[in-house]
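This report covers selected local features of one protein chain. The sequence and the model are shown first, and the description follows.

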Amino acid sequence: MAEIPNVYQDDRRAAAYAALEFAGTYHLAFRDLPALIAKYVRGRRAVDFGCGTGRSTRFLKELGFETIGIDIAPEMIERARKNDPRGDYRLLDADGLARMPEGLCDLILCAFPFDNIAPRELKIRLLGQLRRLLGQDGRLINVVSSPEIYTHEWASFSTKDFPENHHAQSGDPVRIITTVIEDSRPCVDILCTDEEYRAIYESAGLAILETCKPLARGDEPEKWVSETRIAPWVIYVLGRR
């Protein structure tokens with residue numbers, strides 16, 4: 001497979017994502033996280049892997065975690081530091097995780113970075129490195145896009161211009177437009193099925209403790225499109241095997 005460019009290493013994209021909050025379809029990705037974290041996590045040390053412009057890092061800090069945000073995109077880290085000058089944001093290269101201390105944290109949150117990571121072997125390697133950062137009872141929460149997000153319309157996303165998404169197999173590139181930011185260029189993600197993620201987690205030494213597919217309830221102050229019928233996200237709660 002040809003290398004898929006990281007569409008987030010882009011200053012215009014970083015500026016657009018810096019304005020994102022937790023409304024619309026994104027609300028469903030974060031709505032259930034506080035309860036899941038309270039259920040599974042003991043301790044207050046966290047790493048936000050793929051922190052982007054710091055939205056999810058600030059989310060963890062508001063929950064009371066001492067949080068390190070890490071990302072490979074300098075444009076994103078620059079915006080995160082600007083939005084949260086007191087935050088701990090670190091720019092890491094592909095091997096930077098291997099240089100971080102073992103057992104560093106009680107929680108690792110991955111809010112969407114694995115949507116953009118290819119190939120499969122790289123997913124396994126990075127998840128194995130993240131596993132090493134967990135304390136013995138630490139938990140990794142991986143929030144990913146469901147395969148269905150790329151074939152339907154949503155309050156915050158559109159895929160109608162990409163009919164080829166309907167024929168994509170796990171590992172293929174898929175395209176999606178975020179409609180609630182100023183940057184209307186499509187994002188290029190990598191489709192990954194539940195079956196594939198389960199195999200990847202096993203290879204990385206991680207066990208699934210719970211899987212959550214959040215749906216809108218219909219009583220939220222949002223104009224939902226597909227969200228009450230189809231889950232746009234999948235949340236995996238993982239522990240060390």
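In this predicted model, Ala111 stands opposite Val143 in β5. The two strands concerned, β4 (105-111) and β5 (134-145), run parallel and are joined by 6 bridges. Between them the chain passes through α6, and the β-α-β crossover formed in this way is right-handed.

β5 also pairs with β10 (233-240), here in the antiparallel sense and over 7 bridges. In this pairing Ser145 stands opposite Trp233 in β10. Of the 12 residues of β5, 10 are buried, so the strand is largely enclosed by the rest of the structure.

| Strand pair | Sense | Bridges |
|---|---|---|
| β4 and β5 | parallel | 6 bridges |
| β5 and β10 | antiparallel | 7 bridges |

**The loop between β4 and α6**

The loop that connects β4 to α6 (120-133) contains Pro119. A cis peptide bond, with omega at about 0°, joins Ala118 to Pro119. Phe112 lies in this loop as well. The phi of Phe112 is near 85°, which is a positive value in a residue other than glycine. Most residues other than glycine have a negative phi, and most peptide bonds are trans. Is Phe112 buried or exposed? With a relative accessible area of 13%, Phe112 falls under the 20% cut-off and is therefore buried.

**Helix α7**

Helix α7 spans residues 194-203, and its buried residues are Tyr197, Ile200 and Tyr201. They cover an arc of only 100° around the axis, so they are on the same side of α7. Glu195 and Glu202 are exposed on the other side of the helix.

Which elements do the buried residues of α7 pack against? They pack against α6, β5, β9 (206-212) and β10. Two of these elements, β5 and β10, pair with each other in the antiparallel sense, and α6 is the helix of the crossover from β4 to β5. The buried side of α7 thus packs against the crossover helix as well as against β5, a strand with 10 of its 12 residues buried. After α7 comes Gly205, which has a positive phi, near 80°.

How values were computed. Residues numbered from 1 in each chain as written. Predicted model: local features only at pLDDT ≥ 70, side-chain atom pairs only at ≥ 80, totals over all residues. Heavy atoms only, no water. Helix = DSSP H or I, 4+ residues; strand = E, 2+ residues; numbered from the N terminus. Buried < 20%, exposed > 50% of the residue type's maximum accessible area, 1.4 Å probe, protein only. Arc of directions from axis to C-beta. Contact = heavy atoms within 4.5 Å. Pairing = 2+ DSSP bridges. Right-handed = clockwise from strand over helix to strand, strands pointing away.
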